[in-house]
Amino acid sequence: MSLRRKSILLGVAFGIYFSLYFVATDEQVYFSSIIIKTSMGICELSYDGIIQITMSCFPILIYLIVFGTDIYRHFCTASTYVFTRCENRSKWCIKEMWRLFFNTLLYVVLVPAIAMLIASIKNKVVIDKPSLILYLYYVAIYTMFLFGMALFINVMSIKIGTVKSYGIVVAVIMCLIVMLCLWISIFPLESEKMLSYDLIIANGELLKYDLFSHLILFWHSSTMDTLNSRINLFGINYDLSISLKCSIVFAVIMIIIGYVIIKEIDFINVNKEMEN
C-alpha cells in the first residue's frame, strides 16, 4: 500500500474517531472545538489531566508506527548504485523527505476535516475566522512536529534499528508528559491557588520549554480576542506563533540531522549488517 493511501486511510480513521465525541450531541459546534479535540482535547494540569493527555497520544503513536519506517524500508531496498554516488544519494534523500512531509501534511489536514464533516450530520458546525486561523496553526504545528519525529525514527532506524528508534521517541514523549506534573505542584498556573499574577506568568514562560506542551492548543493564547477566549485555559502569554516557530525549528533540525546521516552513512557496511 502506498504511503499516500495510508495517509488518507489513517486521516479518515482518526477523523471518524474524534467525531464520535460530537455525534452524541445535537447543538451548534464551532469548528475550533473540533480542532481542540484533535489536539489533545480540553485537558487541565492535574494528575487526571496528565492521564488524559497520555491516552490522547494514541493517534500520534499510531502515526509514528505507520510513517516511522517508510524511508528506512526504501533505504533497505535501494540499489547500491544510488548510494555509491553522492549526487544521487542527496537527490534521493531530499525526495524521500519531501514525500514524508507531504503525506504527513495530508494526514494532518484530513483528521479535523473528516471529524467536522461527520459531526455536521447531527450538529450545526460553525466555520468562522477564529476557527480557520486555529486550523491553520494546527496543521502547521502538527505537521512539523509529526514529520520531525517520523523522520528521526526513519533515519535512526538505519543506524540502530526500528524498534530501538521507535522506543527512544516514545520514551522521550512519555518523559515530556511526565514532566508536565511539575506545573501541577512546583510551577502551578491556576489562579485559585492564591498565586500572584506575576508568578503565574513566570510559570507560564517555563511551560514553553516542555516540547510536548506545544501540541496542546487549548493551553495557548492568541492576539485575536475571539480565538483567545476559546483557548488560553490559564490566561498566560503562550501565543500560537511561538509553537509554530518551535515546530519549524524542530523539523529543520531533524532534516539536517537526517540528511547528514544518510549522506555520510557507509552503505556497504550497513548492507552487510542487514544481511547478517
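## Briefing on a predicted helical model

Threonine 162 is partly exposed, with a relative accessible area of 25%, where buried means under 20%, exposed over 50% and partly exposed in between, using a 1.4 Å probe and protein chains only. This is a predicted model, in which local features need pLDDT of at least 70 and side-chain atom pairs count only at pLDDT 80 or more, while totals for chains, interfaces and linings use all residues. Residues are numbered from 1 along each chain as its sequence is written, and side-chain values use heavy atoms, with hydrogens and water left out.

**Overall make-up**

- The protein chain holds 14 helices and two strands, taken as DSSP runs numbered from the N terminus (helices H or I with at least four residues, strands E with at least two).
- Of the 276 residues in the protein chain, 49% are buried.

**Surroundings of threonine 162**

- Threonine 162 belongs to helix H9 (residues 162-179), and, leaving aside residues up to four places away in sequence, it touches Thr69, Tyr72 and Ser157, contact meaning heavy atoms within 4.5 Å.
- Although threonine 162 and tyrosine 72 are 90 residues apart in sequence, their C-alpha atoms are 8.3 Å apart in space.

- Not counting residues up to four places away in sequence, the contacts of tryptophan 219 include Cys43, Leu180, Leu207, Asn232 and Phe234.

**Packing of H1 against H4**

- The axes of helix H1 (residues 3-23) and helix H4 (residues 58-67) come within 11 Å and cross at roughly 170°, the axes being lines fitted to C-alpha atoms over the stretch in contact, with angles from 0 to 180 degrees between N-to-C directions.
- That crossing makes H1 roughly antiparallel to H4, a term used for angles over 145 degrees, as against under 35 for roughly parallel, 65 to 115 for roughly perpendicular and oblique for the rest.

**Positive phi in two loops**

- Methionine 40, in the loop between helix H2 (31-38) and helix H3 (47-56), has a positive phi of about 80° although it is not a glycine, and at 4% relative accessibility it counts as buried.
- Asparagine 232, in the loop between helix H12 (225-230) and helix H13 (240-264), has a positive phi of about 50° and is buried, with a relative accessible area of 13%.
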